[in-house]
Amino acid sequence: MIAALILVIAATVSLYILLGYPLLLAAWKRFGLPIQKNLDFRTTVSVLLAVYNGQEFIAKKLDNLLSLEYPSEFLDVVVVSDGSTDATDSIVLSYAHRNVRLVRVPHGGKAAALNSAISHAGGDILFFVDVRQMLDTQALRHLVANFADPTVGAVTGELRYVHSDRWGEATDIDVYWKYEIWARQRHSRIDSIFSTTGCFYAMRRSLAEPIPSDTLADDAFNTLKVFFRGYRVVIDTDALAFDYGVVAGGEFRRKLRTLAGAWQVWTRLPKLFASANRMRFHFLPHKFGRLILPWLIIVGLIGAFLLHGGAVRLTLLAVALAVLALAALDSVLPRKVVLRRISSPARSFVVLNAAALFSVMVFFVSPERLWKPTRVQLGATDTLPGEQSENKP
């Protein structure tokens, strides 16, 4: 009886997280006021780029930033070199005559570098970017347009992945990412989203606070601080950025860091789970549910295992083993094999939940050990939209 009760509770909550809440969100009709976006709105913007040994991408990134269709007199670029030991600093200095400032700091991690960048920023809007991703020329214009609405405190855009044949893992994760973008659009219409895309978001300078130096998810920290000061944080899918697919294992490392950072920030902001969170009804299944889902699955499987025989027990255990087997098989299957239509989703599901399961490591090891930079292996012809063919300052 107890085993059956455990199984029913775990299965019910899991199904609500996976299916029930997305269906409810799709049917949701209670929306807030539309964002008063104004494409003619202009204000000063400081682009903040923290980089560590980014010589492979830094020139392309600066060319991309300087090509954005936004008045140059309203724009300055602050690059903080986080103790770089390669040619990053010299490359950035070669752009000094184009209103690009270099700030050197001892290697202390991204959060500390961003704190230094904020202290050197003079713009009304802080635009946080990373070194690898390329921006559509209209991206900043669309982001800034949302700040014409005084209720908006921060805004992010849509990150799109560009894949090649040898990058299967990021392609497999696209369904999840498309769902996340859709959910952010719905949450923006209701009130506010819970996190931005860390390589591509903007916020009001007046709302910026020092980021704890061990923070793994600066975007989550900044977003939630803005949210709890009564402002809306929204997504604008007209603002686009582009990134490469990642090498094998990269998606797991990236999600592990992101979800560990979520645990870290949420434990420091317990009011997320209280009535002070005006989006708590959505936060619990969409964000917190993502982290507890693998634990619910484990509890449910334990409950199934403890059942005294029967078809339910055998079926659930067989399904679990089949999903694991398909996930393991996916990495060795040729890309055009029909079986990959089910093995790839199985692999993505296992990768995401494994990352959520191991994200609790943040409570037992130093955050620095979880910060593993994502690396890509580029071919001679691999480019992103917005990337210039020649990088001459």
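Biologist: What makes both faces of strand S2 covered?

Modeller: Leu75, Val77, Val79 and Ser81 on one side, and Asp76, Val78, Val80 and Asp82 on the other, are all buried. Buried means under 20% relative accessible area, exposed means over 50%, and partly exposed lies in between (1.4 Å probe, protein chains only). This is a predicted model, in which local features need pLDDT of at least 70 and side-chain atom pairs count only at pLDDT 80 or more, while totals for chains, interfaces and linings use all residues. Residues are numbered from 1 along each chain as its sequence is written, and side-chain values use heavy atoms, leaving out hydrogens and water.

Biologist: Why is S2 called largely enclosed?

Modeller: Eight of the eight residues of S2 (residues 75–82) are buried, so the strand is largely enclosed by the rest of the structure. Strands (E, at least two residues) and helices (H or I, at least four) are DSSP runs, numbered from the N terminus.

Biologist: How do you know that S1 and S2 pair?

Modeller: Pairing requires at least two bridges found by DSSP; seven join S1 (residues 45–51) to S2, and these strands run parallel. Valine 51, for instance, has serine 81 in S2 as its bridge partner.

Biologist: Why is the crossover from S1 to S2 called right-handed?

Modeller: The term applies if, with the strands pointing away from the viewer, the path from the first strand over the helix to the second runs clockwise. The β-α-β crossover from S1 through helix H2 (residues 58–66) to S2 is right-handed.

Biologist: What joins S2 to S3?

Modeller: Six bridges join S2 to strand S3 (residues 100–105), in a parallel arrangement. Serine 81 has arginine 104 as its bridge partner in S3. The chain passes from S2 through helix H3 (residues 88–93) to S3, again in a right-handed β-α-β crossover.

Biologist: Why is lysine 287 counted as buried?

Modeller: Its relative accessibility is 10%, so lysine 287 counts as buried. Lysine 287 lies in helix H10 (residues 280–306).

Biologist: What makes the pair of lysine 287 and serine 195 a polar contact?

Modeller: Their side chains come to 3.1 Å, against a limit of 3.5 Å for a pair of N or O atoms; within protein, one must be able to donate a hydrogen and the other to accept it, and residues adjacent in sequence count only if both atoms are side-chain atoms.
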